[in-house]
Structures are given as C-alpha cells and as structure tokens.
Amino acid sequence: MVQALFDEVAERLLREDDAVEQTRMMASDGLKTGGKFFAMVSKGELVVKLPRERVDELVAAGAGHRFDPGHGRLMKEWVALRPADEPACAAYMSEAHNFVGAQANGS
C-alpha cells in the first residue's frame with residue numbers, strides 16, 4: 001500500500017518539478033532533488049529526510065520511527081512512516097522535498 005501511495009505522489013512531483021529525479025537508493029526506488037535524496041520506500045514504509053527536530057516530533061508522537069538502513073545506526077534526519085492515505089503521504093514527501101531542496105539551494 002505504501003509503495004502505491006509513494007508511486008502516485010512521486011509521479012506528480014516528477015511532473016511538477018524538473019529538479020526531481022527518480023533513482024535507486026539502498027535497493028529502493030527513491031526521489032532526489034539537487035543531487036540529494038529525500039524520499040523512498042523501504043520495507044513497506046515511507047522513508048523521508050526531514051530536519052532532526054521534526055523527526056524527533058514525529059517519533060515522540062508515535063507517527064514513525066528513526067530509519068535504520070540495516071547497519072544498526074539510526075539516521076537522525078530520516079524517519080520511517082506508514083501514511084494512512086495519499087494526502088498524508090503527499091504531505092510528508094512534500095515536506096521532505098522542500099527541506100532537501102532548501103539545503104541543495106544553500107538556504
């Protein structure tokens with residue numbers, strides 16, 4: 001289910017923003033902007049890059065957990081989530097897109 005939500009939102013982002021690219025990341029299809037990854041699906045969960053404080057908020061709220069790429073080290077700016085529907089998935093992916101896009105542009 002998460003993969004289908006991701007694919008739907010990814011298709012829209014790819015259409016709307018020429019800077020967004022689809023590529024492989026850690027054996028998963030992912031999206032990047034400005035050469036930096038911001039979203040992917042791993043183990044049936046949406047994984048997005050967000051500011052550390054925002055990741056802390058989502059974890060504290062029980063909405064997700066810090067992402068572990070498999071080597072036992074949790075990533076501070078990556079959170080794994082199970083969005084309930086397309087609007088929730090789109091909101092997380094847009095938030096990650098904006099965060100990473102601002103970093104790529106030096107903001």
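Predicted model: local features only at pLDDT ≥ 70, side-chain atom pairs only at ≥ 80, totals over all residues.
The largest nonpolar core has 25 residues, and the salt-bridge count comes to 8. A search of the whole structure for aromatic pairs comes back with 0.

**The main core**

- Six residues touch the most other members of the largest nonpolar core: Phe6, Leu31, Phe38, Leu46, Val48 and Met93.
- Helix α3 gives the largest share, at 7 residues.
- There's also a second, separate core of 6 residues, and Met25, Val47, Phe67 and Trp78 are among them.
- As a general point, nonpolar side chains tend to be buried together in soluble globular proteins.

- Phe6 sits in helix α1, which covers residues 2–16.
- Is Phe6 buried or exposed? Phe6 is buried, because its relative accessible area is 0%, and the cut-off for buried is under 20%.
- Beyond its neighbours within four places in sequence, Phe6 has a list of contacts that includes Gln22, Asp29, Gly30, Leu31 and Ala39. Met40, Val41, Leu46, Cys89 and Met93 are also in contact with Phe6.
- Take Val41 from that list: Phe6 and Val41 are 35 residues apart in sequence, yet their C-alpha atoms are 7.2 Å apart in space.
- Met93 has its own set of contacts once neighbours within four places in sequence are left aside, including Phe6, Val9, Ala10 and Leu13. Leu31, Phe38, Ala39, Leu46 and Val48 are in contact with Met93 as well.

- What covers which face? Glu45, Val47 and Lys49 are on one side, Leu46 and Val48 are on the other, and all of them are buried.
- β4 pairs with β3 (residues 36–42) in an antiparallel arrangement through 4 bridges. Ser42 is the residue opposite Glu45 of β4.
- β4 also pairs with β6 (residues 75–81), again antiparallel and over 4 bridges. Here Leu46 has Leu81 as its bridge partner in β6.

**The turn at Lys43**

- The hairpin of β3 and β4 has 2 residues between the strands, and Lys43 is located in that loop.
- Lys43 has a positive phi near 50°, and Lys43 isn't a glycine.
- Lys43 counts as exposed because its relative accessible area is 69%, with the cut-off for exposed being over 50%.

**Charged pairs**

- In general, side chains of opposite charge can pair when their charged atoms come close.
- Arg15 and Glu11 form a salt bridge with an N to O distance of 3.5 Å. They're 4 residues apart in helix α1, so about one helical turn separates them. Arg15 and Glu11 are exposed.
- Arg12 and Glu86 form another salt bridge, with the closest N and O atoms 2.7 Å apart. This one links distant parts of the chain, since Arg12 is in α1 and Glu86 is in α3 (residues 86–104), 74 residues apart.
- Arg12 is partly exposed at 27% relative accessible area, while Glu86 counts as buried at 18%.
- Arg82 and Glu45 make a salt bridge too, with closest N and O atoms 3.9 Å apart. Arg82 lies in the loop between β6 and α3 and Glu45 in strand β4, so the pair ties together parts that are 37 residues apart in sequence.
- Arg82 counts as exposed at 56% relative accessibility, whereas Glu45 is buried at 14%.
- Arg54, Glu57 and Glu95 are joined in a salt-bridge network.
- One more charge worth a look is Lys32, which lies over the face of Phe37 at 5.6 Å from the ring centre.

Note on methods
Residues numbered from 1 in each chain as written. Heavy atoms only, no water. Buried < 20%, exposed > 50% of the residue type's maximum accessible area, 1.4 Å probe, protein only. Contact = heavy atoms within 4.5 Å. Phe/Tyr/Trp six-rings, centres within 6.5 Å; stacked < 30°, edge-to-face > 60°. Lys NZ or Arg CZ within 6 Å of the ring centre and 35° of its normal. Pairing = 2+ DSSP bridges. Salt bridge = Lys/Arg side-chain N within 4 Å of Asp/Glu carboxyl O. Core = buried A, V, L, I, M, F, W, Y, C linked by side-chain atoms within 4.5 Å.
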